[in-house]
Amino acid sequence: MTASRRRRLVLFGALAGMPLVAALVGMVVGGAATVSPLDAFRAVLGLEPRSIAPDLVHAIVWQIRAPRVVLLLLAGAAFATSGAALQACLENPLAAPSLLGLSGGASLGAVAAYVSGLALVQMMFVPVLAFVGALVALCAVYAIAWTAGRPTPGALLLTGVAVGSLSSSLVSVMLLSAGSHRIHEIFAWLLGSAEGRSWQHVRLAVLPVLAGIALLLVARRVIDALALGEEHAIGAGVDVLRARLFVFGAIALAAGGAVSVVGPVAFVGLMVPHAVRGLVGSPARLLLPASALAGAGFLVLCDALARVVSRSVDMPVGVVTALAGVPFFLVLLHRTRRSTMEA
Amino acid sequence: MCDPRRMLAVFAALMLGTGVAAAAASPAPVAPSRVCSVSLAGDELLALLLPVGRVACVSPWADDEATSNVRGRYPKDVLRVAAHVEPVLGRRPDLVIAAPWNNGEFLEQIRRTGVPVHVIRSIASLDEMRAELRDLGRLLGVEARAREVVARLDRQVAALRAAVAPVREPPPRVLSFSHLVVAGDDTSVDTLIDLAGGVNAARELGISGHRKAPLEALVALDPDVLLLGFEPGVSVEQVLAAYPPLAMTRAAREGRVVLMPPRLLTTVTPHLLEGARRLAEALHPDIAPIALPEGP
């Protein structure tokens, strides 16, 4: 075994351990002050908690924290993998799923469910309409960019920004007509949070997210070709339009499924692939699975941090990722500009 | 030659006479006749104190099924206006009644045009409610009516307290929950729970005001009774299905859940007593049905 292969194996072993450690931390720390980490840990192991009612601790750990942690693992993996694929596909290091109107469309669907009262008829209307909104927005971006000529990376990004802005405006209009008693709930969703999510949400999201990630892994060679530029991809025999459509479809499933259950969590799709690229390099066969593992662990750890920092408020995880993401984005922007000038 | 002292005395007499005459001629303060309310709290308070003919506009929330206690009270010719300067001024009001949560810039713009603005105080307790009713009564020139409303409020409070006084069990710990938000100390809901003979469980979490609290903390709190504030037409089962962690509480498992429209929970007017009556009957099923005194 060569040294570089051994190093890669160690790296992937560490990355694979990250979601597991994060999941354990997410299940054990933070949350209600009355459940001590030791009691929560005993409940995770299936042992009887010592300090307060065992039923209560089991319910909190397995019915409240566990689905939340699983959803965040799925969402983190989906956002990070989609971001890595999109940055390659659009040849833009600053690309992220939210730039394609996915978050805006999902927000529109979710807020419509809350404002119309459908959310109370059946809570699953929120993720279902959010998922539909994300898919419609992404289709609209692709269709509009197509009608303007060939859907080039630039056209796709600009159209994504426009569709995202339109969605935001429509969300604002709906918020103005929403009763004040609903506003807290809607804002909690718009900030990106997994609070109150159940195993029902996990069942809803698991299939599209895993299918989307799997499709992206299948398309790894195409993604590598697209990352080198359209001319290179065409030279390598890739049908660029069809390849982009395939990747977009996979991103719609993965990121759309994720955003529908945890809301628009910002910056994971931008930050994680960049951090991972520095460790494993750019080949999609390494970058995509590594991003999935790191993204999953990162999002759960951010959520655990949010719960520890603000026990009585339950800060949405989207706030933590945004706080971490803005400085990261600025550094990245600075580096990108410097390398462009040097080139 | 004129004596300067005499001249000064004449001048002083003239000044005094002019002042007295001016004072005699100035009209008595006129009670406002075109009052505009830009919040639901104002709409409900005006409905208690003023004849509809003196109300020029109310907020759009006056007609809201979920939150308003004055739905159907104001005819269509009383305009519904949101808190925006031009539509409010378009009604030519001589007094604007606003709430503490109305936009400060909007209120400042109204004041700059010379229209007086009264901002309702933040009301959480019965004393604050009484004080606001008296203040508004003076401002609107309906002191006698305000006294009647306060007296009726006091009779209703006394009736409610007397009804729950014989209850011997320790007061149940009640947790209010409405769209992820719980009401802690210093809220009208806290007053409502106290009137109904319960204690507000959210106080144990150190919550003050209306706050979004982690569902996990609410489950760990394990209240005796859940007080849900949700729109009409929504059932307890739907709420518990929408917020699965709530279904894990002992209150939900043992069926001690009270569903109440938000209009009775969030109101800062004597309508709160009706909410307290309903909650008291639900908390203490052994006591006789409570009749709140009506009339002036």
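Begin by selecting Glu132(B), whose place is in helix α5 (residues 126–140) of chain B, where helices are DSSP runs of H or I with at least four residues and strands are DSSP runs of E with at least two, both numbered from the N terminus. The model is a predicted one, in which local features need pLDDT of at least 70 and side-chain atom pairs count only at pLDDT 80 or more, whereas totals for chains, interfaces and linings use all residues. Residues are numbered from 1 along each chain as its sequence is written, chains are lettered from A and ligands numbered from 1 in the order in which they are written, and side-chain values use heavy atoms, with hydrogens and water left out.

Is Glu132(B) buried or exposed? At 1% relative accessibility, Glu132(B) counts as buried, a word that stands for under 20% relative accessible area, with exposed meaning over 50% and partly exposed in between, for a 1.4 Å probe and protein chains only. Now show what surrounds this residue: leaving aside neighbours within four places in sequence, Glu132(B) is in contact with Leu45(B), His118(B), Ile120(B), Arg121(B) and Ile123(B), contact being heavy atoms within 4.5 Å. For Ile120(B), which is 12 residues away along the chain, the C-alpha atom is separated from that of Glu132(B) by 6.9 Å.

From His118(B), move to the sheet. In β5(B), His118(B) is the bridge partner of Ile97(B), and β4(B) and β5(B) pair in the parallel sense over 3 bridges; two strands pair if DSSP finds at least two bridges between them. Select strand β4 (residues 95–98) of chain B next, which also pairs in the parallel sense with strand β1 (residues 35–37) of chain B, over 3 bridges. Here Cys36(B) stands opposite Val96(B) in β4(B). In a regular strand the side chains alternate between the two faces of the sheet. Along β4(B), Leu95(B) and Ile97(B) point one way while Val96(B) and Ala98(B) point the other, and all are buried.

Step back to the loop between α8 (215–221) and β10 of chain B, where Asp222(B) lies. Most residues other than glycine have a negative phi, and most peptide bonds are trans. Asp222(B) has a positive phi of about 45 degrees although it is not a glycine, and with a relative accessible area of 15% this residue is buried.

For comparison, go to chain A and select Glu91(A), found in the loop between α3 (54–89) and α4 (102–116) of chain A. The phi of Glu91(A) is near 50 degrees, a positive value in a residue other than glycine, and at 39% relative accessibility Glu91(A) counts as partly exposed.

Return to chain B for helix α12 (residues 272–283), which has 12 residues and reaches 16 Å from its first C-alpha to its last, close to the 16 Å expected at 1.5 Å a residue, the expected span being 1.5 Å times one less than the number of residues. Among the buried residues of α12(B) are Leu272(B), Leu273(B), Leu279(B) and Leu283(B).

Finally, colour the whole of chain B, which contains 12 helices and 11 strands. Buried residues make up 52% of its 296 residues, and among contacts in chain B between residues at least 6 apart in sequence, 61% join residues at least 24 apart.
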